[in-house]
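The following exercises ask the student to read a protein model step by step. Each task is followed by a worked solution.

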Amino acid sequence: YRRTVEYLASAGAELCLVVMPQTAAYTTLAADHPTFAEARAYVAQIAHEAGVRFVDLSNDFADQSLFGDEDHLNDVGGHIAGSLINERCFAPAVLP
């Protein structure tokens with residue numbers, strides 16, 4: 001994973017690593033298993049070291065009706081996530 005990200009970044013690809021939204025059930029489960037936080041930190045570290053953007057949406061979707069099941073967003077949730085990813089990953093930075 002790391003080598004692929006580094007290779008693509010060095011080749012000039014515009015990358016953004018994203019942690020997708022998770023349901024309340026996953027959030028509860030993650031609190032009891034440090035590997036969830038470790039995996040998120042690993043992805044963030046790779047993004048930082050490769051100089052690419054990192055977006056964490058894991059806790060951005062409190063409305064559980066946006067999920068089709070425990071693992072996936074439904075159509076509405078997917079469109080919202082897609083807009084957020086586009087905005088946070090690829091929109092030009094706004095300077096103060």
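For sorting residues by class, Ala, Val, Leu, Ile, Met, Phe, Trp, Tyr, Cys and Pro count as nonpolar, Asp, Glu, Lys and Arg count as charged, and the others, Gly among them, count as polar. The model examined here is a predicted one.

**Exercise 1. Classify the residues that line the largest pocket.**

Step 1. List the lining. It consists of Val19, Met20, Pro21, Gln22, Thr23, Tyr26, Phe36, Ala39, Arg40, Phe67, Glu70 and Asp71.

Step 2. Apply the classes. The lining of the largest pocket has seven nonpolar, two polar and three charged residues.

Step 3. Relate the lining to the secondary structure. Helix 3, which spans residues 34-50, gives the most to this lining, with three residues.

Step 4. State the volume. The largest pocket has a volume of about 180 Å³.

**Exercise 2. Describe the overall arrangement of the chain.**

Step 1. Count the elements. The secondary structure comes to four helices and two strands.

Step 2. Give their order. From the N terminus on, the elements run α-β-α-α-β-α.

Step 3. State the extent. Along the principal axes, the C-alpha atoms fill a box of roughly 40 × 30 × 25 Å.

Step 4. Consider burial and contacts. Of the 96 residues in the chain, 26% are buried. Among contacts between residues at least 6 apart in sequence, 68% join residues at least 24 apart.

**Exercise 3. Locate the disulfide and determine whether its cysteines are buried or exposed.**

Step 1. Recall the term. A disulfide is a covalent bond between the sulfur atoms of two cysteines.

Step 2. Identify the pair. The structure holds one disulfide, and it joins Cys16 to Cys89 with an S to S distance of 1.9 Å. The pair links distant parts of the chain, with Cys16 in strand 1 (residues 16-19) and Cys89 in helix 4 (residues 75-90), 73 residues apart.

Step 3. Determine the handedness. With -55° about the S-S bond, the link of Cys16 and Cys89 is left-handed.

Step 4. Judge the burial. Cys16 counts as buried because its relative accessibility is 17%, under the 20% cut-off. Cys89 is also buried, with a relative accessible area of 1%.

**Exercise 4. Determine the accessibility class and neighbours of Phe54.**

Step 1. Phe54 is in strand 2 (residues 53-56).

Step 2. Assign the class. Phe54 counts as partly exposed because its relative accessibility is 29%.

Step 3. List the neighbours. Not counting residues up to four places away in sequence, Phe54 touches Leu17, Val19, Arg40, Val43, Ala44 and Ala47.

Conventions. Residues are numbered from 1 along each chain as its sequence is written. This is a predicted model: local features need pLDDT of at least 70, side-chain atom pairs count only at pLDDT 80 or more; totals for chains, interfaces and linings use all residues. Side-chain values use heavy atoms; hydrogens and water are left out. On a 1 Å grid over the protein atoms alone, a cavity is a set of points where a 1.4 Å probe fits but cannot get out, and a pocket is an open set with protein on both sides within 12 Å along at least five of seven lines; lining residues have an atom within 4 Å of a point. Grid points are joined across faces, edges and corners, and a volume is the space filled by probe spheres set on the points. A disulfide is a pair of cysteine sulfur atoms within 2.5 Å. Buried means under 20% relative accessible area, exposed over 50%, partly exposed in between (1.4 Å probe, protein chains only). Contact means heavy atoms within 4.5 Å.
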